[in-house]
Amino acid sequence: MTNPQDPHAGHDHDHGHEHDHDHAPITADATPGYYEIMEMAVTELMIERGHIGPGEIRRQIEVLDSRTPALGAAVVARAWTDPGFKARLLADGRLACEELGISFYDDTQLIVLENSERVHNLIVCTLCSCYPRPVLGLPPDWYKLKPFRARAVSEPRKVLAEFGTDIPDEVDIVVSDSTAVVRYLVLPLRPAGTEGWSEEELAAIVTRDAMIGVVSVTAEKEAV
Amino acid sequence: MTDSILDKVVPALGELPRFAVGDEVQVIKRFPVGHYRVPQYLRGHAGRVERIIEPAAVDNEEEGYGRNAGGKLHYYRVALPMPSLWPDYLGSPRDELHIEIYESWLEKK
(Lines give C-alpha, C1' and ligand atoms only; values in the text may rest on other atoms or scores of the structure.)
Protein backbone atom coordinates (compact mmCIF):
# COMPACT_ATOMS: atom_id res chain seq x y z
CA MET A 1 0.00 0.00 0.00
CA THR A 2 2.80 2.46 0.78
CA ASN A 3 5.05 3.66 -1.98
CA PRO A 4 8.49 4.90 -0.89
CA GLN A 5 8.53 7.32 -3.87
CA ASP A 6 5.40 9.06 -2.66
CA PRO A 7 6.16 11.84 -0.18
CA HIS A 8 2.63 11.49 1.15
CA ALA A 9 2.99 7.76 1.70
CA GLY A 10 2.17 6.32 5.04
CA HIS A 11 -0.51 8.74 6.11
CA ASP A 12 -4.08 9.30 5.20
CA HIS A 13 -5.69 12.55 4.12
CA ASP A 14 -6.61 13.70 7.58
CA HIS A 15 -3.50 15.79 7.99
CA GLY A 16 -4.58 19.28 8.67
CA HIS A 17 -4.88 20.99 5.32
CA GLU A 18 -7.58 21.21 2.69
CA HIS A 19 -6.97 18.69 -0.03
CA ASP A 20 -8.75 18.84 -3.33
CA HIS A 21 -5.89 17.79 -5.59
CA ASP A 22 -4.94 14.23 -6.32
CA HIS A 23 -1.12 14.40 -6.35
CA ALA A 24 -0.99 13.59 -10.07
CA PRO A 25 1.84 15.35 -11.92
CA ILE A 26 0.69 18.48 -13.78
CA THR A 27 1.09 17.92 -17.49
CA ALA A 28 -0.40 19.34 -20.67
CA ASP A 29 -0.52 16.27 -22.83
CA ALA A 30 -4.23 16.36 -23.70
CA THR A 31 -5.01 17.04 -27.35
CA PRO A 32 -5.93 20.71 -27.66
CA GLY A 33 -9.57 21.37 -28.44
CA TYR A 34 -11.00 23.31 -31.37
CA TYR A 35 -11.09 26.66 -29.56
CA GLU A 36 -7.62 26.22 -28.07
CA ILE A 37 -6.21 25.62 -31.54
CA MET A 38 -8.12 28.62 -32.91
CA GLU A 39 -6.85 30.81 -30.04
CA MET A 40 -3.25 29.73 -30.69
CA ALA A 41 -3.62 30.30 -34.42
CA VAL A 42 -5.08 33.79 -33.95
CA THR A 43 -2.38 34.67 -31.40
CA GLU A 44 0.38 33.52 -33.73
CA LEU A 45 -1.09 35.39 -36.68
CA MET A 46 -1.50 38.60 -34.67
CA ILE A 47 2.13 38.40 -33.53
CA GLU A 48 3.43 37.42 -36.97
CA ARG A 49 1.69 40.40 -38.55
CA GLY A 50 2.96 42.77 -35.92
CA HIS A 51 -0.41 43.76 -34.41
CA ILE A 52 0.58 42.71 -30.89
CA GLY A 53 3.70 41.33 -29.27
CA PRO A 54 4.06 38.53 -26.70
CA GLY A 55 4.91 41.19 -24.11
CA GLU A 56 1.52 42.81 -24.57
CA ILE A 57 -0.27 39.50 -24.07
CA ARG A 58 1.72 38.82 -20.91
CA ARG A 59 1.01 42.34 -19.66
CA GLN A 60 -2.75 41.90 -20.19
CA ILE A 61 -2.65 38.66 -18.19
CA GLU A 62 -0.89 40.61 -15.42
CA VAL A 63 -3.64 43.22 -15.58
CA LEU A 64 -6.32 40.54 -15.17
CA ASP A 65 -4.41 38.79 -12.37
CA SER A 66 -4.14 42.06 -10.45
CA ARG A 67 -7.94 42.36 -10.23
CA THR A 68 -9.48 40.52 -7.28
CA PRO A 69 -12.50 40.96 -4.99
CA ALA A 70 -10.14 42.66 -2.51
CA LEU A 71 -10.30 45.75 -4.73
CA GLY A 72 -14.09 45.82 -4.60
CA ALA A 73 -13.94 45.28 -0.84
CA ALA A 74 -11.65 48.30 -0.50
CA VAL A 75 -14.14 50.38 -2.52
CA VAL A 76 -17.04 49.24 -0.30
CA ALA A 77 -15.11 49.90 2.92
CA ARG A 78 -14.22 53.40 1.71
CA ALA A 79 -17.87 54.08 0.85
CA TRP A 80 -18.95 52.91 4.32
CA THR A 81 -16.52 55.26 6.04
CA ASP A 82 -16.43 58.30 3.74
CA PRO A 83 -19.85 59.79 2.87
CA GLY A 84 -18.34 62.08 0.22
CA PHE A 85 -16.76 59.12 -1.54
CA LYS A 86 -19.99 57.14 -1.28
CA ALA A 87 -21.91 59.96 -2.96
CA ARG A 88 -19.37 60.11 -5.79
CA LEU A 89 -19.41 56.31 -6.10
CA LEU A 90 -23.18 56.20 -6.48
CA ALA A 91 -23.13 59.10 -8.94
CA ASP A 92 -20.41 57.59 -11.16
CA GLY A 93 -18.96 54.26 -10.11
CA ARG A 94 -16.14 54.26 -12.62
CA LEU A 95 -14.93 57.76 -11.79
CA ALA A 96 -14.93 57.05 -8.05
CA CYS A 97 -12.99 53.78 -8.51
CA GLU A 98 -10.51 55.56 -10.76
CA GLU A 99 -10.02 58.01 -7.91
CA LEU A 100 -8.63 55.04 -5.92
CA GLY A 101 -6.39 54.02 -8.80
CA ILE A 102 -8.61 51.23 -10.16
CA SER A 103 -8.45 51.59 -13.94
CA PHE A 104 -11.15 50.42 -16.35
CA TYR A 105 -8.97 48.67 -18.88
CA ASP A 106 -12.04 47.22 -20.65
CA ASP A 107 -13.69 50.65 -21.10
CA THR A 108 -16.88 49.64 -19.29
CA GLN A 109 -18.96 51.96 -17.13
CA LEU A 110 -19.83 51.03 -13.56
CA ILE A 111 -23.12 51.58 -11.79
CA VAL A 112 -22.98 50.93 -8.05
CA LEU A 113 -26.26 49.69 -6.58
CA GLU A 114 -26.82 50.48 -2.92
CA ASN A 115 -28.60 47.94 -0.76
CA SER A 116 -30.84 49.38 1.93
CA GLU A 117 -33.37 48.21 4.51
CA ARG A 118 -35.94 48.36 1.69
CA VAL A 119 -34.08 47.16 -1.41
CA HIS A 120 -31.79 44.22 -2.08
CA ASN A 121 -29.84 44.16 -5.35
CA LEU A 122 -28.71 41.10 -7.28
CA ILE A 123 -26.52 41.08 -10.38
CA VAL A 124 -26.65 38.62 -13.26
CA CYS A 125 -25.78 38.48 -16.94
CA THR A 126 -28.33 36.34 -18.76
CA LEU A 127 -26.47 36.59 -22.07
CA CYS A 128 -23.08 35.36 -20.92
CA SER A 129 -20.77 36.61 -18.18
CA CYS A 130 -20.71 40.44 -18.03
CA TYR A 131 -19.07 41.15 -14.68
CA PRO A 132 -17.30 44.12 -13.08
CA ARG A 133 -13.88 42.62 -13.78
CA PRO A 134 -11.88 45.83 -13.19
CA VAL A 135 -12.98 45.78 -9.51
CA LEU A 136 -13.70 42.07 -8.85
CA GLY A 137 -11.50 40.09 -11.24
CA LEU A 138 -12.85 36.98 -12.94
CA PRO A 139 -16.41 35.84 -12.20
CA PRO A 140 -17.03 32.64 -10.23
CA ASP A 141 -17.98 29.62 -12.34
CA TRP A 142 -21.57 29.48 -11.07
CA TYR A 143 -22.11 33.05 -12.27
CA LYS A 144 -21.53 31.86 -15.85
CA LEU A 145 -23.70 28.75 -15.68
CA LYS A 146 -27.15 28.72 -17.25
CA PRO A 147 -29.11 27.66 -14.15
CA PHE A 148 -27.98 30.74 -12.21
CA ARG A 149 -28.39 33.03 -15.23
CA ALA A 150 -31.91 31.83 -16.00
CA ARG A 151 -33.19 31.54 -12.46
CA ALA A 152 -31.75 34.78 -11.08
CA VAL A 153 -34.13 36.77 -13.30
CA SER A 154 -37.19 34.53 -12.87
CA GLU A 155 -37.06 33.31 -9.26
CA PRO A 156 -34.48 35.47 -7.50
CA ARG A 157 -35.83 34.87 -4.00
CA LYS A 158 -35.48 31.11 -4.38
CA VAL A 159 -31.96 31.47 -5.78
CA LEU A 160 -30.99 33.75 -2.89
CA ALA A 161 -32.46 31.30 -0.38
CA GLU A 162 -30.22 28.62 -1.87
CA PHE A 163 -27.26 30.88 -1.10
CA GLY A 164 -28.60 31.08 2.47
CA THR A 165 -29.99 34.58 1.96
CA ASP A 166 -33.60 34.97 2.99
CA ILE A 167 -35.01 38.30 1.90
CA PRO A 168 -38.18 39.28 3.79
CA ASP A 169 -41.21 40.11 1.63
CA GLU A 170 -41.18 43.74 2.72
CA VAL A 171 -37.74 44.15 1.14
CA ASP A 172 -37.95 44.63 -2.63
CA ILE A 173 -35.58 42.77 -4.90
CA VAL A 174 -34.03 44.49 -7.88
CA VAL A 175 -32.26 42.14 -10.28
CA SER A 176 -29.91 43.90 -12.68
CA ASP A 177 -29.35 41.99 -15.91
CA SER A 178 -26.07 43.34 -17.20
CA THR A 179 -25.83 42.77 -20.92
CA ALA A 180 -23.99 45.50 -22.74
CA VAL A 181 -21.61 48.32 -21.79
CA VAL A 182 -22.46 48.88 -18.14
CA ARG A 183 -21.25 46.71 -15.28
CA TYR A 184 -22.75 46.60 -11.80
CA LEU A 185 -21.39 46.35 -8.28
CA VAL A 186 -23.56 45.96 -5.19
CA LEU A 187 -22.80 48.22 -2.25
CA PRO A 188 -23.92 45.94 0.60
CA LEU A 189 -25.47 47.12 3.84
CA ARG A 190 -22.87 47.76 6.51
CA PRO A 191 -23.61 45.23 9.25
CA ALA A 192 -24.49 46.28 12.78
CA GLY A 193 -21.70 45.85 15.29
CA THR A 194 -19.00 47.32 13.04
CA GLU A 195 -19.14 50.83 14.46
CA GLY A 196 -15.67 52.22 14.89
CA TRP A 197 -14.01 49.58 12.71
CA SER A 198 -11.14 50.71 10.50
CA GLU A 199 -11.41 50.67 6.71
CA GLU A 200 -9.09 47.63 6.63
CA GLU A 201 -11.19 45.73 9.18
CA LEU A 202 -14.33 46.51 7.21
CA ALA A 203 -12.79 45.50 3.89
CA ALA A 204 -11.90 42.11 5.41
CA ILE A 205 -15.57 41.17 5.90
CA VAL A 206 -16.76 42.22 2.42
CA THR A 207 -16.96 39.15 0.22
CA ARG A 208 -17.15 38.76 -3.54
CA ASP A 209 -20.58 37.17 -3.23
CA ALA A 210 -21.86 40.15 -1.23
CA MET A 211 -20.79 42.47 -4.06
CA ILE A 212 -22.70 40.30 -6.57
CA GLY A 213 -25.66 40.42 -4.20
CA VAL A 214 -26.14 36.73 -3.42
CA VAL A 215 -25.31 37.15 0.27
CA SER A 216 -25.23 39.92 2.84
CA VAL A 217 -22.19 41.05 4.78
CA THR A 218 -22.05 39.94 8.39
CA ALA A 219 -19.69 41.19 11.06
CA GLU A 220 -18.51 37.68 11.95
CA LYS A 221 -17.68 36.27 8.54
CA GLU A 222 -14.15 36.22 7.19
CA ALA A 223 -13.75 37.42 3.61
CA VAL A 224 -13.59 34.60 1.06
CA MET B 1 -35.96 88.50 -20.49
CA THR B 2 -34.12 88.35 -23.79
CA ASP B 3 -33.47 85.07 -25.48
CA SER B 4 -29.93 83.93 -24.97
CA ILE B 5 -27.92 82.90 -28.00
CA LEU B 6 -27.51 79.62 -26.13
CA ASP B 7 -31.23 78.90 -26.51
CA LYS B 8 -30.86 78.93 -30.29
CA VAL B 9 -28.57 75.93 -30.53
CA VAL B 10 -30.21 73.22 -32.64
CA PRO B 11 -29.05 69.70 -31.75
CA ALA B 12 -28.52 67.16 -34.51
CA LEU B 13 -30.95 64.29 -34.93
CA GLY B 14 -30.21 61.62 -32.36
CA GLU B 15 -28.02 63.91 -30.30
CA LEU B 16 -30.45 64.20 -27.41
CA PRO B 17 -32.07 61.23 -25.71
CA ARG B 18 -35.60 60.52 -26.95
CA PHE B 19 -36.86 59.28 -23.61
CA ALA B 20 -36.85 60.89 -20.19
CA VAL B 21 -36.61 59.39 -16.72
CA GLY B 22 -40.07 58.14 -15.73
CA ASP B 23 -41.27 57.55 -19.32
CA GLU B 24 -43.33 54.41 -19.85
CA VAL B 25 -41.66 52.44 -22.62
CA GLN B 26 -42.05 49.15 -24.38
CA VAL B 27 -39.24 46.86 -25.46
CA ILE B 28 -39.77 46.31 -29.16
CA LYS B 29 -40.85 42.80 -30.05
CA ARG B 30 -38.72 41.73 -32.95
CA PHE B 31 -36.53 38.73 -33.50
CA PRO B 32 -33.75 39.49 -35.97
CA VAL B 33 -31.42 36.62 -36.81
CA GLY B 34 -28.15 36.81 -34.91
CA HIS B 35 -26.89 37.80 -31.49
CA TYR B 36 -28.58 40.84 -30.03
CA ARG B 37 -28.12 42.28 -26.57
CA VAL B 38 -31.78 42.56 -25.62
CA PRO B 39 -32.71 39.21 -24.07
CA GLN B 40 -35.70 37.53 -25.68
CA TYR B 41 -37.54 37.22 -22.37
CA LEU B 42 -37.96 41.00 -22.29
CA ARG B 43 -39.06 41.63 -25.86
CA GLY B 44 -42.55 43.09 -26.01
CA HIS B 45 -42.64 43.87 -22.28
CA ALA B 46 -43.34 47.26 -20.79
CA GLY B 47 -41.25 49.17 -18.29
CA ARG B 48 -40.25 52.58 -17.04
CA VAL B 49 -37.09 54.55 -17.78
CA GLU B 50 -35.22 54.57 -14.49
CA ARG B 51 -32.07 56.33 -15.63
CA ILE B 52 -30.47 57.69 -18.80
CA ILE B 53 -26.98 56.29 -19.02
CA GLU B 54 -24.57 59.03 -19.99
CA PRO B 55 -22.63 59.38 -22.17
CA ALA B 56 -24.23 57.74 -25.21
CA ALA B 57 -22.48 54.45 -25.91
CA VAL B 58 -21.16 52.68 -28.98
CA ASP B 59 -23.95 50.67 -30.56
CA ASN B 60 -22.31 47.31 -30.01
CA GLU B 61 -25.03 45.46 -31.88
CA GLU B 62 -24.00 47.24 -35.08
CA GLU B 63 -20.36 47.14 -34.13
CA GLY B 64 -20.60 43.38 -33.53
CA TYR B 65 -21.47 42.94 -37.19
CA GLY B 66 -18.74 45.29 -38.42
CA ARG B 67 -21.28 47.96 -39.39
CA ASN B 68 -21.08 51.57 -38.35
CA ALA B 69 -18.35 50.92 -35.79
CA GLY B 70 -18.15 53.89 -33.47
CA GLY B 71 -21.76 55.01 -33.98
CA LYS B 72 -23.29 55.98 -30.66
CA LEU B 73 -26.77 55.51 -29.29
CA HIS B 74 -28.60 56.66 -26.20
CA TYR B 75 -28.92 54.06 -23.64
CA TYR B 76 -31.36 53.62 -20.75
CA ARG B 77 -31.72 51.68 -17.56
CA VAL B 78 -35.27 50.35 -17.74
CA ALA B 79 -37.21 48.94 -14.78
CA LEU B 80 -39.76 46.18 -15.46
CA PRO B 81 -42.03 44.69 -12.77
CA MET B 82 -41.12 41.03 -12.16
CA PRO B 83 -44.75 39.82 -12.02
CA SER B 84 -45.34 41.26 -15.53
CA LEU B 85 -42.52 39.07 -16.87
CA TRP B 86 -43.40 35.84 -15.07
CA PRO B 87 -47.08 34.98 -14.52
CA ASP B 88 -46.23 32.63 -11.64
CA TYR B 89 -43.73 34.99 -10.05
CA LEU B 90 -43.14 34.30 -6.36
CA GLY B 91 -42.17 37.34 -4.37
CA SER B 92 -43.10 40.93 -3.74
CA PRO B 93 -45.23 42.64 -6.43
CA ARG B 94 -42.67 45.44 -6.20
CA ASP B 95 -39.71 43.25 -7.23
CA GLU B 96 -38.14 44.56 -10.41
CA LEU B 97 -35.83 43.62 -13.21
CA HIS B 98 -33.48 46.38 -14.34
CA ILE B 99 -31.62 46.28 -17.61
CA GLU B 100 -29.77 48.59 -19.96
CA ILE B 101 -31.40 48.93 -23.36
CA TYR B 102 -30.42 50.93 -26.43
CA GLU B 103 -32.82 53.49 -27.78
CA SER B 104 -33.21 51.45 -30.98
CA TRP B 105 -35.06 48.76 -28.98
CA LEU B 106 -37.53 51.03 -27.17
CA GLU B 107 -40.78 52.71 -28.12
CA LYS B 108 -43.11 54.99 -26.19
CA LYS B 109 -46.02 53.22 -24.60
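How much area do chain A and chain B bury between them? About 2,000 Å², with 51% of it on carbon and sulfur atoms. Buried area here is the accessible area, taken with a 1.4 Å probe, that two parts lose on being put together, summed over both.

A word on the model. It is predicted: local features need pLDDT of at least 70, side-chain atom pairs count only at pLDDT 80 or more, and totals for chains, interfaces and linings use all residues. Residues are numbered from 1 along each chain as its sequence is written, chains are lettered from A and ligands numbered from 1 in the order in which they are written, and side-chain values use heavy atoms, leaving out hydrogens and water.

Back to the interface. Chain A gives 24 residues to the contact and chain B gives 26. Contact means heavy atoms within 4.5 Å. There are two salt bridges between the chains, each a side-chain nitrogen of Lys or Arg within 4 Å of a carboxyl oxygen of Asp or Glu. One of them joins Asp172(A) to Arg94(B), with the closest N and O atoms 2.9 Å apart.

Which elements of chain A give two or more residues to the side that touches chain B? They are β1 (109–114), α8 (146–154), α9 (156–162), β3 (172–177) and β4. Helices (H or I, at least four residues) and strands (E, at least two) are DSSP runs, numbered from the N terminus. β3(A) has the largest share, six residues. By class, that side of chain A has 14 nonpolar, five polar and five charged residues. Ala, Val, Leu, Ile, Met, Phe, Trp, Tyr, Cys and Pro count as nonpolar; Asp, Glu, Lys and Arg as charged; the others, Gly among them, as polar.

Now inside chain A. The buried residues of α3(A) are Gly72(A), Ala73(A), Val75(A), Val76(A), Ala77(A), Ala79(A) and Trp80(A). Buried means under 20% relative accessible area, exposed over 50%, partly exposed in between (1.4 Å probe, protein chains only). Their cover includes α4 (83–91), α5 (93–99) and β4 (182–187) of chain A.

Two backbone details to finish. Asp107(A) has a positive phi of about 55 degrees, although it is not a glycine. Asp107(A) is in the loop between α5 and β1. In chain B, the peptide bond from Glu54(B) to Pro55(B) is cis, with omega near -5 degrees. Pro55(B) lies in strand β2 (residues 46–58).
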